Amino acid sequence: MDIKNEYKNTRPCIIQNMKNICSIFYLSIKTFFLSVEYFDIICSKALIDNVNTLKRVSLLCIILASKFLEDKQKAYEVQSTYKKNYQNNYSLDEIHILKLLDYKLNIFTTYDIIVDILNCGFILDGEKYDQKKLKFISKNLITILFTLTESNSYVNMTPKKIAISLIGFARDYLDLTPFVDGIK
């Protein structure tokens, strides 16, 4: 089987598992999105030839994201729980993952872009809209993004394109022109 096909075929299930792990440890949604970003970056660079390796990479991504974003206790709990999956190679595997990420852990994710847009009010430009609809879509935009992460389409677009598409969707839901000049 083609390596890229293996990744695409198993990615939705692995992302679902990543969601479950983040939920079990009460990790922030920001940690989840960062770990997904790490996972997709690594899988675009590395030749990963089987499902078990993909699963181990996803666990390392969660561990790294939790070390970067969560408090020490949570990060320690995640690491100590899943470290045993790596036998004696944990430290080497973690270093390899860091190298694949070019040691860049502070990555601006789609989630970060959406939150910034929602906080800045960039979604609206003095236009008239239904207040109830705005509250509804604002509350659910992150949930939509969360659901979208399991789609292989998520990998085919940049974080900025995904965010802009969701903002266009939100504007359309508000009966506004989806992509006004400010958004374009």
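Modeller: A charge sits over a ring if NZ of Lys or CZ of Arg is within 6 Å of the ring centre and within 35 degrees of the ring normal. Here K133 lies over the face of Y173, at 5.3 Å from the ring centre. K19 lies over the face of F146, at 4.3 Å from the ring centre.

Biologist: Where do these coordinates come from?

Modeller: This is a predicted model: local features need pLDDT of at least 70, side-chain atom pairs count only at pLDDT 80 or more, and totals for chains, interfaces and linings use all residues. Residues are numbered from 1 along each chain as its sequence is written, and side-chain values use heavy atoms, with hydrogens and water left out.

Biologist: What pLDDT does the protein chain average?

Modeller: pLDDT is the predictor's confidence in each residue, from 0 to 100. Where pLDDT is low, the predicted coordinates should not be read in detail. The protein chain averages 86, and 91% of the residues score at least 70.

Biologist: How many residues does helix α3 have?

Modeller: Helices (H or I, at least four residues) and strands (E, at least two) are DSSP runs, numbered from the N terminus. Helix α3 covers residues 51–69, which is 19 residues. The expected span of a helix is 1.5 Å times one less than its number of residues. From first C-alpha to last, α3 reaches 27 Å, close to the 27 Å expected.

Biologist: Which residue caps the N-terminal end of α3?

Modeller: N50 does, with a side-chain oxygen 3.1 Å from the backbone nitrogen of N52.

Biologist: Which residues of α3 are buried?

Modeller: Buried means under 20% relative accessible area, exposed over 50%, partly exposed in between (1.4 Å probe, protein chains only). The buried residues of α3 include L54, V57, L60, I63 and A65.

Biologist: How many salt bridges are there?

Modeller: Side chains of opposite charge can pair when their charged atoms come close. A salt bridge is a side-chain nitrogen of Lys or Arg within 4 Å of a carboxyl oxygen of Asp or Glu. The count comes to seven salt bridges. One of them joins D112 and K30, with the closest N and O atoms 2.4 Å apart. D112 is in helix α6 (residues 110–120) and K30 in helix α2 (residues 29–45), so this pair links distant parts of the chain, 82 residues apart. D112 is buried at 8% relative accessibility, whereas K30 is partly exposed at 33%.

Biologist: What does the bridge between K67 and E94 tie together?

Modeller: Their side chains meet at 2.6 Å, N to O. K67 lies in helix α3 and E94 in helix α5 (residues 90–100), so the pair ties together parts that are 27 residues apart in sequence. K67 is partly exposed, at 36%. E94 is buried, at 12%.

Biologist: How many aromatic pairs does the structure hold?

Modeller: A pair of aromatic rings is described by the distance of the centres and the angle of the planes. Rings of Phe, Tyr and Trp (its six-membered ring) pair if their centres lie within 6.5 Å; planes under 30 degrees apart count as stacked, over 60 as edge-to-face and the rest as tilted. The structure holds six aromatic pairs. F25 and Y82 form an edge-to-face pair, 5.9 Å centre to centre with 70° between the planes. F25 lies in the loop between α1 (3–24) and α2, and Y82 in helix α4 (residues 72–82). Both F25 and Y82 are buried.

Biologist: Which residues form one aromatic cluster?

Modeller: F32, F33, Y111 and F146 do.

Note on methods
Polar contact = N/O pair within 3.5 Å; in protein donor to acceptor, adjacent residues only side chain to side chain.
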